Amino acid sequence: MAVALDLLVQIAQMVLVLALAPLFAGYVRKVKAHLLRRQGPPLVQPYREVLRLLRKDVVLADSASWVFRVSPYLVFATTWVAAALVPTFATGLVFSYAADVIAIVALLGSARFMLALAGLDVGTSFGGIGSSREMLIASLAEPAMLMVVFTLSLLAGSTQLSSIAAFMQASDVGLRFSLALALIGLIMVAIAENARIPIDNPATHLELTMVHEAMILEYSGRHLALIEAAAFLKLLLYVSVIACVFFPWGIATSGQGLVAYVAAVGVYLLKLAAGGFLLAAFETAIAKMRVFRVPDFLGAALMLGFLATLLLFVTMAG
Amino acid sequence: MDRLALDVAHLFAGGLVLVSFMLLYQDRMTGLVNNFALHALVVSLAVAWQAHIQHAPHLYITAAIALGVKAIVIPLALHRIIVQLGIHRTIETVVGIGQTMLAGIGLVALSIIVMLPITAKAGTLAQQDLAFALSVLLLGLLMMISRRNAVSQVIGFMSIENGLILAATGAKGMPLVVEISVAFSILIALIVIGVFLFRIRERFDTVDIHALHEYRGEQP
Amino acid sequence: MALTGLLWCVGALLAISAAAIPAARLRSASLLVYGATLLVCASALGLAIASLLAGGMQPDSLTLPVGLPWLGAHFRLDALAAFFLVVVNLGAASASVYGIGYGRHEEAPGRVLPFFPAFLAGMNLVVLADDAFTFLFTWEFMSLTSWALVMAHHRRAGNAAAGYLYLIMASFGTLALLLAFGLLAGPAGGYAFQAIRAAPPVAGVAAGVLVLTLIGAGSKAGLVPLHVWLPLAHPAAPSHVSALMSGVMTKVAVYGVVRIVFDLLGVPTWWAGALVALLGGVTAVMGVLHALMEHDLKRLLAYHTVENIGIIFIGLGLALAFGANGMRAAAALALTAALFHVFNHSVFKSLLFFGSGAVLTATGERDMEQLGGLIHRMPRTAFAFLVGSAAISALPPFNGFVSEWLTFQAILVSPALPQWLLKFLVPAIGALLALSAALAAACFVKAFGVTFLGRPRSEAARNAREVDRWSLATMFILAALCLVAGILPGYFIDALAPVTHSLAGSRMPPQGALDWLTIVPVAQSRSSYNGLLLFLLIAFAAGLGAEAIHRWASGALRRSAAWDCGFPDASPATQYTAGSFSQPIRRVFGSVVFRAREEVRIPPPGDLQPAHMHVRLRDVLWDVFYAPLTGVVGYVADRFNKVQFLSIRAYLTLVFGALVALLMVLAVWQ
């Protein structure tokens with residue numbers, strides 16, 4: 001019975017993240033527009049974009065191979081599976097033991113691998129520029145992510161997201177400075193991985209400023225719809241991870257009643273709203289960096305992670 | 001020592017180390033001076049908190065001196081010096097910023113490895129403060145040796161003094177007169193350095209240390 | 001019983017090697033020789049798997065009356081040897097299958113066919129050896145036969161120099177191992193491993209043995225700074241031999257390190273673990289950075305071997321550090337991670353080398369800058385190479401991810417270590433490991449993307465043809481093994497349990513009985529991973545997405561020219577090359593690690609000359625370490641040259657002086 005309930009929660013989460021992801025992206029765009037004193041597109045515009053793309057023809061380059069055609073499905077599938085394994089409103093997900101946070105990050109790495117290959121497939125220079133810059137950013141973001149995971153595992157004794165959330169909720173963690181440093185490091189990594197300003201501009205089509213957009217330049221129709229959906233899911237995933245680890249209050253644990261779950265969904269929506277607002281404000285307040293300043297940015301995230309670990313060692317020794 | 005007191009003290013001491021890293025990351029002059037003001041602010045907050053939990057009112061005066069002199073007066077003076085000297089606003093580093101930060105992390109690890117076993121018998125608070133204070137001191141020295149600009153070296157020198165203040169207050173029982181004399185000597189040193197900077201700037205049109213080497217007749 | 005069977009297999013290999021000398025002239029020589037080695041290695045593989053799975057069996061020993069008269073040749077089959085025999089013979093069997101197809105294009109079969117079975121025999125014997133003399137003899141035999149294989153195409157540019165360097169480094173390594181065994185045997189001169197196990201050395205001697213083993217076996221494995229021969233020698237050999245050298249011979253070197261350090265040295269010290277782990281971390285990052293700068297496909301793969309050896313040594317170092325502090329369960333975890341990575345790497349590295357051999361056969365090119373678009377001409381090879389690339393980049397659900405995940409779990413257990421230096425060093429090594437994993441993914445996007453994807457950059461690439469069935473069959477079998485090991489890792493971890501039990505005193509919790517085939521390295525609450533479930537979920541999600549798209553989205557598709565932001569169809573020369581792909585990474589890391597210098601010469605407007613961009617990369621190790629060393633050796637040799645031209649009286653004086661000196665030493669020592 002408990003297993004059936006957990007399975008239901010898992011299915012509900014899979015549907016929920018897929019449904020919410022475009023809405024979150026639309027919400028961020030809307031807030032950015034309002035901050036710039038514009039009206040902005042409607043909140044449901046991303047849904048309309050995906051549906052429009054699904055109805056269109058696919059125009060395939062002559063030199064594209066099966067890798068180009070299969071990549072969107074694999075990218076979408078791995079990102080959706082990763083997003084389904086992050087506790088958003090409940091921790092009793094039946095498949096959550098299949099992957100801890102390291103495995104979730106590696107699943108996103110699989111998606112990125114396939115997308116980078118698709119960028120190189122057609123044989124134009126735009127795809128190459130996107131793939132090479134994307135792999136550079138990924139290679140610098142991974143050590144920073146690992147240091148954040150190390151800090152969290154040092155505190156919570158686990159890398160399983162449900163256990164970390166339970167630890168943060170239950171015990172008296174206190175005012176840990178290392179957690180603040182880890183939070184800032186994780187936010188910096190999340191910004192880099194999701195191709196937001198200041199690393200990449202999600203709304204640009206200029207070659208000098210493209211990273212993610214350059215890799216998917218040749219995609220059209222239903223393939224592009226899948227890739228856009230995957231990008232929305234990835235952003236939602238990172239915001240959910242930050243919410244689940246650092247602000248876990250309100251997440252329903254296994255065995256509570258239906259009311260608790262509904263309330264937890266409401267709290268999750270509030271967290272998303274707050275996170276989206278902060279992201280939009282941050283993106284509006286700062287300019288995009290030169291590509292060769294990105295290593296400094298991610299190096300700072302790595303240093304923050306290291307510093308958080310060192311500071312934790314000091315407090316735990318005393 | 002109750003948890004909240006310890007956590008807040010840890011917050012301020014760790015924050016001081018973080019701001020020292022931010023000083024290393026800066027490559028613009030005005031940003032550097034503002035960061036230094038933040039450095040002094042954090043140290044004054046740390047000392048004020050120590051005054052509160054140690055019930056040592058004379059430390060409030062130390063905090064006030066740090067706040068007033070080092071967080072307000074000296075940064076304002078440095079801003080004026082920069083404008084008057086017309087120093088160019090970017091700071092050249094000897095090695096890349098990434099390597100400097102890596103070296104900084106190594107220094108923090110080293111000071112923790114050295115300090116924690118030595119102070120094992122002292123209280124947790126003193127242990128932390130001493131380990132972090134040594135880190136701040138070493139980071140200040142690193143800043144002095146990895147920057148070519150004289151103004152940034154002055155700021156590195158003063159951040160060392162902030163680290164010493166943290167160490168002294170954490171160890172309980174620093175007399176006020178020592179603090180006042182140390183603060184005054186730093187102020188005098190700053191005035192002398194400022195005067196010299198003006199003279200050097202007049203003679204040689206630059207305060208870049210590497211350029212000055214040529215005038216000594218040494219190879220750069 | 002199994003031991004005698006394995007020794008018979010080795011004897012059969014030596015017999016095949018002898019028979020291949022006259023048989024090399026036959027037309028079906030390669031089929032005969034490789035077929036015979038396939039049969040023998042397959043049976044050896046079966047024997048090895050059977051003895052590994054038999055679990056806690058007593059080690060089987062045998063002494064043959066060959067070799068030194070008072071010593072004989074000791075052979076022993078225990079759990080560690082059984083595991084490494086599985087690795088060796090799996091690689092050997094797959095190389096044999098590949099060789100049946102690839103060997104048809106061999107231009108000098110007489111130089112390859114006799115040495116190939118001997119090489120396999122040498123590797124098997126090293127793993128079975130149980131005394132110092134047999135170990136060193138078979139080690140040298142292995143080195144010499146592989147050197148002969150490296151020199152098979154000695155007229156090609158660079159191969160002779162590579163062989164020369166390989167010979168020097170191999171001899172130097174054997175010398176270091178000789179000294180190590182001399183220290184272990186001690187003044188009593190007990191060279192049999194049994195005797196050494198009974199009398200472990202004291203701390204100072206143990207430190208010396210460790211360093212000498214790292215130099216000797218580490219240079220054959222490819223540890224920085226002794227890796228310089230690897231990227232020159234491995235690509236010079238024929239492709240199936242390169243696969244064996246990279247995938248299997250380096251593992252035999254790892255076996256040497258494990259046998260000496262874990263088995264013969266007794267209780268480890270914590271600083272030994274720190275040293276080995278640090279060397280491993282530096283090796284991993286340096287290896288992958290060099291690989292990123294390469295555009296020769298085989299040399300890139302060889303540098304990647306260096307990176308993976310680094311990952312294995314990180315696991316070994318952690319196992320030593322945990323063992324020194326008595327944390328047996330954690331030591332078992334780290335050791336399992338390292339040994340599992342040994343297996344995984346031999347599988348996917350062999351696969352990748354076979355793929356590059358197929359590309360070489362089809363196009364005659366090793367340089368990626370001349371290839372491209374091969375996925376249209378060689379689709380099956382491309383698919384197998386893609387699976388290998390995904391596996392080596394540590395992507396779930398393949399096997400590379402599982403062993404790296406286990407290594408990360410071992411790193412996450414490290415805060416329990418009491419020594420402060422270890423507490424700080426291990427997270428730093430973890431960051432190095434994460435960096436090398438991410439850079440490896442970048443490197444294989446480059447390797448697969450530039451070679452197989454895009455448009456062909458030369459005539460050779462345009463006219464490539466798919467390779468024969470044998471090569472394809474072995475590549476697909478290895479690719480399937482990559483997936484299976486990634487989905488069902490619990491069985492492999494359980495198979496390693498007797499090995500870690502004998503070396504580290506403990507084993508990981510039994511994985512086979514867990515729900516849904518999850519693996520739990522420490523405790524369920526701490527972390528767990530389920531490869532099968534992830535694979536099924538991904539397949540389900542992809543299938544659901546495809547079904548939904550098929551039902552509700554437009555199915556229309558048409559071909560057209562590439563969009564390329566509206567530029568007209570450019571020549572294939574404008575697409576990204578290997579060098580341009582790695583340019584951002586070279587800019588970030590290159591100035592420190594390689595002293596990279598870029599020079600751009602653009603002619604003034606109106607000048608008809610092309611623009612030039614010149615990138616200069618130097619191996620810092622070569623400049624700092626090896627070049628001065630060769631200079632010193634040359635200088636000393638020049639000085640000693642005079643000794644050749646002395647008069648007879650001078651020679652007699654030398655002899656007299658030596659005799660007097662020895663007598664004085666004897667007098668003082670009395």
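Modeller: Let's start with a term: helices are DSSP runs of H or I with at least four residues, strands are E runs of at least two, and both are numbered from the N terminus. With that in hand, helix 18 of chain C is followed by C:Gly454, whose phi is positive, near 80°.

Colleague: Thanks! What kind of model is this, and how do you count things in it?

Modeller: It is a predicted model, where local features need pLDDT of at least 70 and side-chain atom pairs count only at pLDDT 80 or more, while totals for chains, interfaces and linings use all residues. Residues are numbered from 1 along each chain as its sequence is written, chains are lettered from A and ligands numbered from 1 in the order in which they are written, and side-chain values use heavy atoms, leaving out hydrogens and water.

Colleague: How do you know what span to expect for helix 18 of chain C?

Modeller: The expected span is 1.5 Å times one less than the number of residues. Helix 18 (residues 420-452) has 33 residues, and its 48 Å from first C-alpha to last is close to the 48 Å expected.

Colleague: What makes helix 18 of chain C "mostly covered"?

Modeller: Buried means under 20% relative accessible area, exposed over 50%, and partly exposed in between (1.4 Å probe, protein chains only). In helix 18 of chain C, 30 of the 33 residues are buried.

Colleague: Why does C:Ser414 count as buried?

Modeller: Its relative accessibility is 0%, so C:Ser414 falls under the 20% limit and is buried. You will find C:Ser414 in the loop between helix 17 and helix 18 of chain C. Its side chain reaches the backbone oxygen of C:Ile411 at 2.6 Å.

Colleague: Why does C:Leu395 count as buried?

Modeller: C:Leu395 has 6% relative accessibility, so it is buried by that 20% limit. C:Leu395 lies in the loop between helix 16 (379-392) and helix 17 (399-413) of chain C. Not counting residues up to four places away in sequence, C:Leu395 touches residues including A:Ala106, A:Phe113 and C:Phe401, where contact means heavy atoms within 4.5 Å.

Colleague: What makes the link between C:Arg558 and A:Asp57 a salt bridge?

Modeller: A salt bridge is a side-chain nitrogen of Lys or Arg within 4 Å of a carboxyl oxygen of Asp or Glu. The side chains of C:Arg558 and A:Asp57 meet at 3.8 Å, N to O, so the pair qualifies. The count between chain A and chain C is one salt bridge, alongside 22 residue pairs in polar contact (both at pLDDT 80 or more). Helix 5 of chain A gives the largest share of the side of chain A that touches chain C, 18 residues.

Colleague: How much area do chain A and chain C bury between them?

Modeller: About 6,800 Å², 74% of it on carbon and sulfur atoms. Buried area is the accessible area (1.4 Å probe) that two parts lose on being put together, summed over both.

How values were computed:
Polar contact = N/O pair within 3.5 Å; in protein donor to acceptor, adjacent residues only side chain to side chain.
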